[in-house]
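Me: Got a structure open here and I'd like to talk through its contacts. Can you walk me through it?

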Amino acid sequence: MMLEMTQKEEKFIIPIGPQHPALKEPGHFEFAVDGELVTDATVRLGYVHRGIEKGAEARNWNQNLYLVERICGICSHIHAFTYARGVERLAEVEVPPRAQAIRVLVAELERIHSHMLWFGVAAHEAGFDTLFMFSWRDRETIMDILEGLTGNRVNYSANVLGGVKFDVTDEHRKTILEAVDFMEKRTKHYLNVVTTDAMFLQRTRGIGVANLQQAHRLGILGPTARASGVKRDVRVDAPYSAYKQFPIKMVVETAGDLEARFVVRLKELFESYRLIREILNNMPEGDLQVKRFPRRIKPGEVISRVEAPRGEVFYYIRSNGGEMPERLKVRTPTMMNMASVLAMAVGHQLADMPMLLVGIDPCFSCNDRGVAICNSKGDHDQWTWERLRQHGIDFYAEKV
Amino acid sequence: MNITQEWNDILDKVKTWARVNSPWLIHYNSGSCNGCDIEILATLTPRYDAERLGVKLQGSPRHADVLVCTGPVTMQSRDRLQRIYDQMPDPKFVVAVGSCAISGGAFQGCYNVIGHIDEVIPVDAYIPGCPPRPEAIIDGLVKLLTAIKTGAPIQTEKPEELLDVV
């Protein structure tokens, strides 16, 4: 009785990580719980704040291409792509069509590797480690292609201001098409797994539902929003670069739960496969780079938007006529989606929290293995991410 | 006395044997771009399969033998890095993965970046690359394990050319 009283009067808070190495922006989550139900959630971000925007003001236009690529190691090409597109528009330089097609080709390959990576991580959080290992094994196919094309497995450095660095040869074309066929077969299998496996559906179906109104209100982006029925995709709404010649079909689901998020991402992969084939079969001829790109860029400001695997990446670039940008503002989709996790968490089981978090694809770097000892103020127990994940798995294992 | 000495020797041998054959890793991202982190993870997945060396990534610093660090050290994560290091039981080893962990890499001079890992904690092995390939990570780990086994100095020294970059 006494215990009940204190639990009702005081919130029982479970802190997860102060450092959550699973996320790109490792955050300190605090879930207030009533029994097993989460009643409130807060997050503290900024552990990986490095000061890139300010740092960009001290580097010249070309050096920044290298820096923005390292904002995120998973969608590195997208960041460089967005930046290069913005700067090229500021300089009023037209990029050759072949270069644009190659940029989009790499962007789609990156989307495949990113979604496969996310898929494995999400399966791991659900306790489905076999699926994690399978999807990461298949992902290596795409990593091989990216390495063959660009020379590096992760930060490809495909872009230069005014074009791309490498060409796609017939040999590349053959290997890419073979790999895409293989991946398509595998993705079909995975789509089948996530929509039919009873154990998996128990963790995803009807969980973390964000309906259309909520999605609009919270400003959710990318596949997470499209799983809630929001028709928003920069590739379709404002086709850029080679997406004008090679249009893409938007994948939208209406359920808004975790299952829909899995389905949207996997179905997007089929669109990516189709687009890659189309680009490779209709590759425009021409140069890879413009002849000359100015070292100083005339004063002005520009906005550049690109659809990253996780949603819309937004860059604002201002030049004062010098060799360096005067201001570079970056907005990434994870930051926007983070608020949705906090809103969706309320009313759910504590055991659902790991799946809810990965549901937005919060730019996972490494797989959890959370470090999580923070200062022990207060008498509540500290939970590691690993413990929370295990709790989720055990909770649902008992229910079966 | 001699018996105790012999007993200790045997115990040491057993300890080293256990240490070399099942190094438990803890991974800490102190401001990295994720590039190194996914490569570390790829090292553990079927293609490269570092688990055949007995490597296991796990969550708590108190169970870990080797701290794998990625990324430059940011202001916010410095205390955390220090604390994780302090919480690990002796003997502990630190591996710095990637250019940023070695020298600050692309983020040198950014206002929130303190610098490299060995400004905060002592580092035993360096694995350069941006990001290093999984093969390189395995190579670094094997060198570390060999050094633990033989008691010889660790062969992966800090690349000289990276020291002078400012």
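Me: Which residues are linked in a network of salt bridges?
Reply: The network joins Glu108(A), Arg111(A), Arg226(A), Asp233(A), Arg235(A), Glu268(A) and Glu307(A). A salt bridge here is a side-chain nitrogen of Lys or Arg within 4 Å of a carboxyl oxygen of Asp or Glu.

Me: Before I go on, what sort of model is it, and what are the ground rules?
Reply: It's a predicted model: local features need pLDDT of at least 70, side-chain atom pairs count only at pLDDT 80 or more, and totals for chains, interfaces and linings use all residues. Residues are numbered from 1 along each chain as its sequence is written, chains are lettered from A and ligands numbered from 1 in the order in which they are written, and side-chain values use heavy atoms, with hydrogens and water left out.

Me: Is Arg111(A) buried or exposed?
Reply: Buried, at 0% relative accessibility, and Glu108(A) is buried at 0% too. The cut-offs are under 20% relative accessible area for buried, over 50% for exposed and partly exposed in between (1.4 Å probe, protein chains only).

Me: And what does Glu268(A) form a salt bridge with?
Reply: With Arg226(A), the closest N and O atoms being 2.3 Å apart. Glu268(A) is in helix H12 and Arg226(A) in helix H10 (residues 222–226) of chain A, so the pair ties together parts 42 residues apart in sequence. Glu268(A) is buried at 2%, and Arg226(A) is buried at 0%.

Me: What about Glu259(A), which side chain does it meet in a salt bridge?
Reply: That of Arg205(A), at 2.9 Å from N to O. Glu259(A) sits in helix H12 (residues 258–281) and Arg205(A) in the loop between helix H8 (198–204) and H9, so this pair ties together parts 54 residues apart in sequence. Glu259(A) is buried at 11%, whereas Arg205(A) is partly exposed at 48%.

Me: Switching to Ser114(A), what's it in contact with?
Reply: Leaving aside neighbours within four places in sequence, Ser114(A) is in contact (heavy atoms within 4.5 Å) with Ile74(A), Pro309(A), Arg310(A) and Asp361(A). Ser114(A) is in helix H5 and counts as buried, at 0% relative accessibility.

Me: Now the interface. How many residues of chain A are in contact with chain B?
Reply: 50 residues of chain A, against 43 of chain B. The two chains bury about 3800 Å² between them, 59% of it on carbon and sulfur atoms; that's the accessible area (1.4 Å probe) that two parts lose on being put together, summed over both.

Me: How many salt bridges between chain A and chain B?
Reply: Three. One of them pairs Glu39(B) with Arg153(A), with the closest N and O atoms 2.7 Å apart.

Me: Which elements of chain A give two or more residues to that side?
Reply: Helix H2 (52–56), helix H3 (61–69), helix H5 (97–125) and helix H6 (129–150). H6(A) gives the most, with ten residues.

Key. Helices (H or I, at least four residues) and strands (E, at least two) are DSSP runs, numbered from the N terminus.
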